[in-house]
Amino acid sequence: MALQIFGHRKSKDTRKAERFFKERGISYQFVDLREIYMSMGELKSMVRAAGGLEELLDPDTKERDAYAMVTHMVGEQQLDYIIEVPEVLKLPLVRYNGRVAVGADEKTWGEFARQERK
């Protein structure tokens with residue numbers, strides 16, 4: 001399965017993930033969340049893989065109002081909102097073989113790279 005990086009070009013951690021995989025010769029698909037909405041299915045699979053929605057949310061986001069809003073919503077309403085306002089997520093989200101690394105998680109990125117080289 002191909003490695004996917006979900007983020008946006010202005011995110012320093014997203015650029016860091018891209019550099020990490022490029023330096024190791026690992027191909028990936030980049031999804032710029034400012035240009036392409038994540039599907040509901042993709043978001044739900046990431047929530048499951050991360051161990052819950054709370055693990056994906058970034059309490060330190062610059063979008064404080066959006067973060068406050070999403071934390072007061074429930075269920076599908078939260079997910080719909082996150083799809084439209086992905087800035088509330090810890091970026092990047094790196095997905096590989098049913099697992100997801102949230103934020104600048106170089107340890108997990110390294111595991112993904114080792115598995116991809118096999």
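User: In which sense does α3 pass α4, in a left-handed or a right-handed crossing?

Analyst: A crossing is left-handed if the near helix is turned anticlockwise from the far one by less than a right angle, and right-handed if it is turned clockwise. Here α3 passes α4 in a left-handed crossing. Helices (H or I, at least four residues) and strands (E, at least two) are DSSP runs, numbered from the N terminus.

User: What kind of model is this?

Analyst: This is a predicted model, in which local features need pLDDT of at least 70 and side-chain atom pairs count only at pLDDT 80 or more, while totals for chains, interfaces and linings use all residues. Residues are numbered from 1 along each chain as its sequence is written, and side-chain values use heavy atoms, with hydrogens and water left out.

User: At what angle do the axes of α3 and α4 cross?

Analyst: Two packed helices are described by the angle between their axes and the distance between the axes. Axes are lines fitted to C-alpha atoms, for helices over the stretch in contact, and angles run from 0 to 180 degrees between N-to-C directions. Helix α3 (residues 64-71) and α4 have axes that come within 9 Å and cross at roughly 160 degrees. That makes α3 roughly antiparallel to α4, because angles over 145 degrees count as such, under 35 as roughly parallel, 65 to 115 as roughly perpendicular and the rest as oblique. On the α3 side the contact (heavy atoms within 4.5 Å) involves Ala66, Met69, Val70 and Thr71, and on the α4 side Gln78, Tyr81 and Ile82.

User: How are α2 and α4 packed?

Analyst: Helix α2 and helix α4 (residues 75-84) pack at an angle of about 110 degrees, with their axes 10 Å apart. The angle therefore makes α2 roughly perpendicular to α4. The contact brings together Met40, Leu43, Lys44 and Val47 of α2 with Glu76, Leu79, Asp80, Ile82 and Ile83 of α4.

User: In what order do the strands of the sheet lie?

Analyst: Two strands pair if DSSP finds at least two bridges between them. Four strands form an open sheet in the order β2-β1-β3-β4, with mixed pairing. β2 and β4 (99-102) are the edge strands, each pairing on one side only. On average, neighbouring strands of this sheet are turned by 20 degrees against each other, direction ignored. Helix α1 packs on the sheet and touches β1, β2 and β3; its direction makes about 160 degrees with that of β1.

User: Which strands are parallel and which antiparallel?

Analyst: Strands β3 (residues 93-96) and β4 pair in the antiparallel sense over four bridges; in β4, Val100 is the bridge partner of Arg95. Strand β1 (residues 3-7) and strand β2 (residues 28-32) run parallel and are joined by five bridges.

User: How does the chain get from β1 to β2?

Analyst: A crossover is right-handed if, with the strands pointing away from the viewer, the path from the first strand over the helix to the second runs clockwise. From β1 the chain crosses through helix α1 (residues 12-23) to β2, and this β-α-β crossover is right-handed.

User: Where does α2 lie?

Analyst: Helix α2 (residues 40-50) lies across β1, β3 and β4 and runs at about 80 degrees to β4.

User: What joins Leu91 and Pro92, and where is Asn97?

Analyst: Leu91 and Pro92 are joined by a cis peptide bond, with omega about 0 degrees. Pro92 is in the loop between α4 and β3. Asn97 lies in the loop between β3 and β4; its phi is near 50 degrees, a positive value in a residue other than glycine.
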